[in-house]
Amino acid sequence: MIETIHVDLPGRAYDVVIGPRLLAQAGERIMPFLKRPRVVIVTEENVAALHLDALKSGLAASGIACDALVLPAGEGTKSWPFLKQTVEWLLSQKVERGDVVVAFGGGVIGDLVGFAAATVRRGVRFVQIPTSLLAQVDSSVGGKTGINSPNGKNLIGAFHQPTLVLADTSLLDTLTTRDFLSGYGEVVKYGLLGDVAFFEWLEIEGKNLKPLLTNTLSADKIVAARVRAVKRSVEMKARIVERDETEQGDRALLNLGHTFCHALEAATGYGDRLLHGEGVAIGCALAFEVSARMGLCSQEDPSRVRAHLKDMGMKTDLADINGALPDADALLALMGQDKKVVDGQLRFILARGIGDAFMTADVPADTVLSVLRDALATR
């Protein structure tokens, strides 16, 4: 059950291959891009412990040699010190422009390694092998790479498209429930921003995507549901990226929920208090609340969004975030560092309804503050 989505960018086109047990095929799928039978891998300690040997075996089956750099796990790795370590290691490995670097991990590794690949020798090719649901449906596709700054998330980076993406859905079995649901925050975002039928399918089938131990369906049905969810998410992102590779217009729609999310991540120190996909889910709920208060969508839409997220066992409100949070004014100030700020004006992704998102700068600050204050009052 292998699906392939082609990302059609002139001169930078590539395939996203989706399905189970792709690590065993890694060598045969990467070999056509190699000038010599060798790759270098950058991964993190949790992924390495679970899956690095399997990847090495998949490469060795096609006669591909490899060396690997194993970094610490966590959002803190997406920073200057680890970018420097990665770049210097790649140079020490004598990586050439004709070589391929493999980013093997979740969104943190994909973003960091993609940025390193963009800068080494002014750009070397890299292959994404995303190991988390969040990375498979979102961060591994589209060429956004980068690191965080003390001033905000993802403020330092480059657009650098991968050569190939291998999304092995079998790897999702080893995710914790929390990490899996964090990725689901990005999956549901796609239905909310542009495909109401996909959202309706998720309302019915969402629970069947969870790790096997929480599921009573047959393994084959779970695999099929996961492949469908990942495929549809990637399809939607690919088509948007094809229209707007460097986020001058439509691509900003992919940031539904992210303006709130990035502020909340900054407020919680980019740590385990709030995972990225959890912030996206809360941010989507807040974006729909703002939309409803502005009369853009029905009052029922925010409730429907929250109901589905709660049904999945996800964080849905500021009250679900442990520990102290800044007040509404401070959270709004943190939003001011968002990449969607133009000429000092913050642009929001709002919705006219489920599946109908749009970008606007015409959002009264008082409305946003009111939504934030009400949300904080429930804590």
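**Helix H4**

I began with the buried residues of H4 and listed Gly107, Val108, Ile109, Gly110, Asp111, Leu112, Val113, Gly114, Phe115, Ala116, Ala117 and Ala118. Buried here means under 20% relative accessible area, exposed means over 50%, and partly exposed lies in between (1.4 Å probe, protein chains only). Helices (H or I, at least four residues) and strands (E, at least two) are DSSP runs, numbered from the N terminus.

The model is predicted: local features need pLDDT of at least 70 and side-chain atom pairs count only at pLDDT 80 or more, while totals for chains, interfaces and linings use all residues. Residues are numbered from 1 along each chain as its sequence is written, and side-chain values use heavy atoms, with hydrogens and water left out.

I then looked up the span of H4 (residues 107-119): its 13 residues reach 18 Å from first C-alpha to last, close to the 18 Å expected at 1.5 Å a residue. The expected span is 1.5 Å times one less than the number of residues in the helix. Twelve of the 13 residues of H4 are buried, so I noted the helix as largely enclosed by the rest of the structure.

**Positive phi**

Most residues other than glycine have a negative phi. Lys94 is not a glycine either, and its phi is positive at about 55°. I found Lys94 in the loop between helix H3 (80-92) and strand E5 (100-105), exposed at a relative accessible area of 59%. For Asn154 phi is near 60°. Asn154 is in strand E8 (residues 152-159) and counts as partly exposed at 23% relative accessibility.

**H6 against H10**

I looked up helix H6 (residues 177-194) and helix H10 (residues 276-293), which pack at about 35° with their axes 7 Å apart. Axes are lines fitted to C-alpha atoms, for helices over the stretch in contact, and angles run from 0 to 180 degrees between N-to-C directions. The crossing of H6 and H10 is left-handed; that term applies if the near helix is turned anticlockwise from the far one by less than a right angle, and right-handed applies if clockwise.

On the H6 side I listed Arg178, Ser182, Gly185, Glu186, Lys189 and Leu192, which meet His276, Gly277, Glu278, Val280, Ala281, Cys284 and Phe288 of H10. Contact means heavy atoms within 4.5 Å. By class, the contact of H6 with H10 has five nonpolar, four polar and four charged residues. Ala, Val, Leu, Ile, Met, Phe, Trp, Tyr, Cys and Pro count as nonpolar, Asp, Glu, Lys and Arg as charged, and the others, Gly among them, as polar.

**H6 against H8**

I next took H6 with helix H8 (residues 219-243), whose axes come within 10 Å and cross at roughly 55°. That makes H6 oblique to H8. Angles under 35 degrees count as roughly parallel, over 145 as roughly antiparallel, 65 to 115 as roughly perpendicular and the rest as oblique. This crossing of H6 and H8 is also left-handed. Phe180, Val187, Tyr190, Leu193 and Gly194 of H6 make the contact with Arg226, Ala229, Ser233, Met236, Lys237 and Ile240 of H8. I noted seven nonpolar, two polar and two charged residues in the contact of H6 with H8.

**H12 and H13**

Helix H12 (residues 328-335) packs on helix H13 (residues 365-377) at about 125°, with the axes 9 Å apart. I recorded H12 as oblique to H13 and their crossing as right-handed. From H12, Ala328, Asp329, Leu331, Leu332 and Met335 meet Ala365, Val368, Leu369, Leu372, Arg373 and Leu376 in H13. The contact of H12 with H13 has nine nonpolar, no polar and two charged residues.

I found Thr367, Val368, Leu369, Val371, Leu372, Ala375 and Leu376 buried in H13. The buried residues of H13 pack against helix H9 (258-267), H10, H12 and strand E10 (348-353).

**Two loop residues**

Asp317 is in the loop between helix H11 (300-311) and H12, and I noted it as buried at a relative accessible area of 18%. Leaving aside neighbours within four places in sequence, Asp317 is in contact with Ile282, Arg306 and Lys310. From Asp317 to Gly279 I read 38 residues in sequence and 9.3 Å in space, C-alpha to C-alpha.

Thr176 is in the loop between strand E9 (164-168) and H6, partly exposed at 45% relative accessibility. Thr176 and Lys210 are 34 residues apart in sequence and 9.7 Å apart in space, C-alpha to C-alpha.
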